[in-house]
Amino acid sequence: MTESLIGFAVLLALILLRVPIAFAMSAVGGIGFALLRGWEPAWAMTGQVAFDTALSYSLSVIPLFIFMGNILAGSGVAQGLFAGANRLFGRMRGGLAMASVFSCGGFSAVCGSSLATAATMSKVAMPSMRRFGYDDKLATGSIAAGGTLGILIPPSVILIIYGLLTETNIAKLFIAGIIPGIIGVALYLGAVMVAVRLNPALAPKQADPEPLTRTDMIGLFSVLGLFLFIMVGIYGGFFTPTEAAGMGAGASVVIAAVLRTMSWREFFDATMDSVRATAMIFAIIIGAELFTNFINFAGLPDALAGFVVDNELPVWAVIAFIIVVYMVLGCVLESLSMILLTVPVFYPLMFELQFANELLLDPENALIWFAIVVVVATEISLITPPVGMNVFVLKGVLKDVSLGTIFRGVFPFWVADILRLTLLILVPSLSLWLVGAM
């Protein structure tokens, strides 16, 4: 266990020195394994991990969903979503902020990336909110917080990675994320209502929203149709999640062609962005596999489980500790790295604790519930200071807005997220009811 703790310390030091997380995990994992087993086994393990990851059929779902999200982001469907949401909420004080949250949730349903959702919706919603005199705090806070829904509402790349790491049914993880995602949207809408009631200066009353254009209608119904197409296809048994990703990617190209809002140059850029994002994710996965092999061989998961069992720590205390760890790691890591780094350590611990008995659930459902709790905790870390990744993405797009303004803006949504996480922990059926119904 000592070797594992030293490895974690070195890894965090490299991250603070701004070494890319993929290279930091690869270096610590490879060298640590070599020091324990020898250099020849370490080189063999490194080559095998890289080979297996690059040729994994299961992982092919990742570039396909990323490509789908990038094509939809560039084709203008987000504008249709925002316009449709504005028709629902536009007459209310703070209606544009509510429309931003609602459209973020809708776009998340076909994008799967929190960072991409935040970046896309900032370009769509922020100009409208500024035009109507919204305070930058409420405007940026609603977009940054709404963007976090991208890693929970299916199809979610993070849930896919979790499913592959733990060999959990990805289709069940997808369906388990729907109700918590809807609760997140509802609580965010409530946060906007409370914020503008306490401080009406944040959002002026708005005139009747403009009618939807033909392009808006096509974009709106394209997103809804694509989401239903993927979900019905998976749960109707017509195709697997991997095949659904391919079908969704093809459908996104058709939607872009029908809308005619995407140039060939933009299509090429979206494709290249997908390639770069896929390469980055695969590099992180390879690094995480190497680091996981090192800490497993060094005995960290077994040692942690032994410590918890020997000291008879209650299950709820362990879960609370895990959530705190995610909050802290969110200060230095983005969501994918956190999942890849922590799940191989915490997942065996949950098995050892037999926490399914504590929740009065069967083991598979208990671990699906744990996945949703972990993802929601990761969502919260994306807007938690000092390094909320969604906040920094928004700052990169809106260079004239200070980080302090955005962090003050996300505070009401952060409180709403803490409430949602508490509900999901105390009432597991919120995550599992649809799983049982299916």
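**A surface patch, helix faces and salt bridges**

I31, L35, W39 and W43 together make a nonpolar surface patch of about 530 Å². Patches are built from residues with over 30% relative accessible area and no salt bridge, with nonpolar side chains (Val, Leu, Ile, Met, Phe, Trp, Tyr) joined within 5 Å and like charges within 9 Å. Accessible areas come from the Shrake-Rupley method with a 1.4 Å probe, and for residues only the protein chains shown count as cover. The elements that give two or more residues to this nonpolar patch are α2 (21–37) and α3 (39–54). Helices here are DSSP runs (H or I, at least four residues), as strands are (E, at least two), numbered from the N terminus. L35 has its place in helix α2, and its relative accessibility of 66% makes it count as exposed. The cut-offs are under 20% relative accessible area for buried and over 50% for exposed, with partly exposed in between (1.4 Å probe, protein chains only).

The model is a predicted one, in which local features need pLDDT of at least 70 and side-chain atom pairs count only at pLDDT 80 or more, while totals for chains, interfaces and linings use all residues. Residues are numbered from 1 along each chain as its sequence is written, and side-chain values use heavy atoms, with hydrogens and water left out. The predictor's confidence in each residue is given as pLDDT, from 0 to 100. For the protein chain the average pLDDT is 80, and 90% of the residues score at least 70. Confidence in the chain is highest in helix α11 (residues 178–198), at 90, and lowest in helix α18 (residues 355–359), at a mean of 64. Where pLDDT is low, the predicted coordinates should not be read in detail.

Back in helix α2, R37 is another residue to look at. With 44% relative accessibility, R37 counts as partly exposed. R37 and F297 are 260 residues apart in sequence, yet their C-alpha atoms are 9.1 Å apart in space.

Two helices show how burial can be arranged around an axis. The 15 residues of helix α1 (residues 2–16) should span 21 Å at 1.5 Å a residue, which agrees with the 21 Å between its end C-alpha atoms. The expected span is 1.5 Å times one less than the number of residues in the helix. S4, G7, L11 and I15 are the buried residues of α1. Seen down the axis, these buried residues fall within an arc of 70°, so they line one face of α1. The arc is taken from the directions between the helix axis and the C-beta atoms. An α-helix has 3.6 residues a turn, so residues three or four places apart point the same way. The face of α1 turned away from the buried side carries the exposed residues T2, I6 and L16. After α1 comes R18, with a positive phi near 70°.

Helix α13 (residues 241–259) should span 27 Å with its 19 residues at 1.5 Å each, and its end C-alpha atoms are 26 Å apart, which agrees. Its buried residues include P241, A245, S252 and L259. Just after α13, R260 takes a positive phi of about 55°.

Helix α19 (residues 363–381) also has 19 residues, and its reach of 27 Å from first C-alpha to last is close to the 27 Å expected at 1.5 Å a residue. Of these residues, 17 of the 19 are buried, so α19 is largely enclosed by the rest of the structure.

A positive phi of about 55° is also found at E167, although E167 is not a glycine. E167 lies in the loop between α9 (157–166) and α10 (170–176), and at 75% relative accessibility it counts as exposed.

The structure holds six salt bridges. A salt bridge is a side-chain nitrogen of Lys or Arg within 4 Å of a carboxyl oxygen of Asp or Glu. In the pair R130 and D136, the closest N and O atoms are 3.4 Å apart, and in the pair D135 and K137 they are 3.3 Å apart. R276 and D273 form a salt bridge with closest N and O atoms 2.6 Å apart. Both R276 and D273 lie in helix α14 (residues 264–298), three residues apart, about one turn of the helix. At 37% relative accessibility, D273 counts as partly exposed. E379, D417 and R420 are linked in a network of salt bridges.
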